[in-house]
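Please look over the chain shown here before reading on. The report is meant to be read beside the sequence and the model.

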Amino acid sequence: MTETSIRTIADLARAGFEIARQSLTKVDYEVHHVAARAGYLHELALSPDSVFVETLCSAANGGGVVIGTRTRAATDGPGQDPPDHGSRPEPLADGWLFRHTALPNPTFIYESARTFEGLVVIDRLATEPEDWHGIAVRDLTKEISETAARVAGAPLLTLQCPAQLPTVVKTRGHDLRTRKESPSPCSSLAVRFSIALSDASAERRFALADRVRALCEDYGFGFWLADTRPGHRPGNWFEVCRDVRRTAPAEPKPLRTCLPLTCAGPARVGSTHAIIAFLQRYPQVGVVGCTGTSLDDLAFIHLQLSVEGVSAERLNKILAKLLSADQVPSRPHELLRKPFFRLGLHAIPDEPADRDRTHPASDYQAFVGPAFTCHPPEAGEIMAVWVSWRIAFSGDGLSAPLDCLHGALREVLGEDAAAVSVEYLICRATEQSVVRGKGKLGVPRAVVERFGGSRVERGESRMCALLEDAWKHQADLSEVDGIAELTVAWREAWLGHWTYS
């Protein structure tokens, strides 16, 4: 019996145990499409109405998304599930809130050590997104998701754009004594991804890397692979090929409008590829930002769509008419066709409708809107600070670690703490009744420069050390049991080895 077949039997046994233990488990989840604003996640975490078991948060181009899950038995609330048609949003001060329920996929099992992680940079010098950037990100994510589904035969575990590039390292004449490291910008026009591997052999890894490398060389993209050598933690990268410096177009077309779209459903192989491939059939539709992962065995795929020459005001008028109808389409393909048709967009090629009902995301729920005007941060003005923590599972969700972190920011940064934003955050529950989290904060460089620096200790390192000590102090004062492994660093690789990508 091969290693693969033995593993498959073990996975089936584990899935059967999960089903037998909670055969009617459902997952309630919330999706917040909001304007990117410092402090929103903290306020949400303290709200008694939004206590999440697992959480995903991301911000880009002036828009943000917060996704949180809660599990319950199906018998806890008979008749409370939303109908099979689309979910109408609840208006918020900063955007829209969607609530829904789904059945998870308990057979979605993978080992965190068996992953293939890469980072592809499209345009490192981009100061603001342009229309061609959206097309490039769309086509790249389609190729990556197709590689995961067809070459690896495995799920795409994480997807993130924009993303931070590896640390900048400079030496003089290859003399290690002159080695200097400086943090790269908080976010760049790059796509970070990870693929689960049922077969983690060197042959399979080489096949995946070779396909992505060939794609990057054809388009002039840069490509890094996660360093999987012993002792190298997430955030250490090995350069495979360098990106080609691009000349600015004669008449650049800045991207002005973003339309947030979130698709949710049972985690399975090929679901991301099915959604991106559908969008690729519309030449004018791009993807300028994305984030995706699985929470509670549900896949969440969030995309920021761009449509050339369409304003946010026009898109929102179309969405208002669509959402005021008696029945709102719920499936991604059905829902997106409506606004695309009203915008005069037509799919190329126009495939039969029955094919749309058989792809891996055909039963997913889709949430769209509101459209917003793109407001990217000024290039180089924000520095990334990575944080991670562990806490015993409780009914408080994110509130304890985030409240202590915000207390530490106020203690160390004073009034400047209000300018610190959450660029990315993921929080997961493990089988050991432990919740682990990891996040990337955006700190203005002007704030970091206040901490000076010397030949012995950089200003960034001094600030992070003070924040970490203050965070631990706030955790002690809170008297919340189980908060541990609090880490703050300006390099992701300096976080604990257990953190999630």
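This is a predicted model: local features need pLDDT of at least 70, side-chain atom pairs count only at pLDDT 80 or more; totals for chains, interfaces and linings use all residues.

Residues are numbered from 1 along each chain as its sequence is written, and side-chain values use heavy atoms, with hydrogens and water left out.

**The chain as a whole**

The protein chain has 11 helices and 21 strands, where helices (H or I, at least four residues) and strands (E, at least two) are DSSP runs numbered from the N terminus. Of the 501 residues in the protein chain, 53% are buried; buried means under 20% relative accessible area, exposed means over 50%, and partly exposed lies in between, with a 1.4 Å probe and protein chains only. The accessible surface of the protein chain comes to about 23,100 Å², and 51% of that surface belongs to carbon and sulfur atoms; such areas come from the Shrake-Rupley method with a 1.4 Å probe, and for residues only the protein chains shown count as cover. Among contacts (heavy atoms within 4.5 Å) in the protein chain between residues at least 6 apart in sequence, 78% join residues at least 24 apart.

**Strand S6 and its partners**

Strand S6, residues 115-123, is mostly covered, with nine of its nine residues buried. Two strands pair if DSSP finds at least two bridges between them. S6 is joined to strand S10 (residues 189-196) by eight bridges, and the two run antiparallel; within this pairing, Val 121 has Ala 190 of S10 as its bridge partner. Four bridges join S6 to strand S11 (residues 222-226), again in an antiparallel arrangement, and here Gly 118 stands opposite Leu 225 of S11.

**Helix H9**

Helix H9 (residues 399-413) has 15 residues and reaches 21 Å from its first C-alpha to its last, close to the 21 Å expected at 1.5 Å a residue, the expected span being 1.5 Å times one less than the number of residues. Helix H9 is mostly covered, since 12 of its 15 residues are buried, among them Cys 404, His 406, Gly 407 and Val 412. What covers the buried residues of H9 includes helix H2 (40-46), the strands S18 (382-392), S19 (421-429) and S20 (434-444), and the helices H10 (445-448) and H11. After H9 comes Gly 414, whose phi is positive, near 65°.

**Backbone details in loops and strands**

| Cis peptide bond | Omega |
|---|---|
| Cys 161 and Pro 162 | about 0° |
| Gly 369 and Pro 370 | about -5° |

Pro 162 is found in the loop between strand S7 (156-161) and strand S8 (168-172), while Pro 370 has its place in the loop between strand S16 (365-368) and strand S17 (372-373).

Glu 479 has a positive phi of about 60° although it is not a glycine, and this residue sits in the loop between helix H11 (459-478) and strand S21 (484-489). Because its relative accessibility is 69%, Glu 479 counts as exposed. Glu 485, also a residue other than glycine, has a positive phi near 55° and is placed in strand S21; at 32% relative accessibility, Glu 485 counts as partly exposed.
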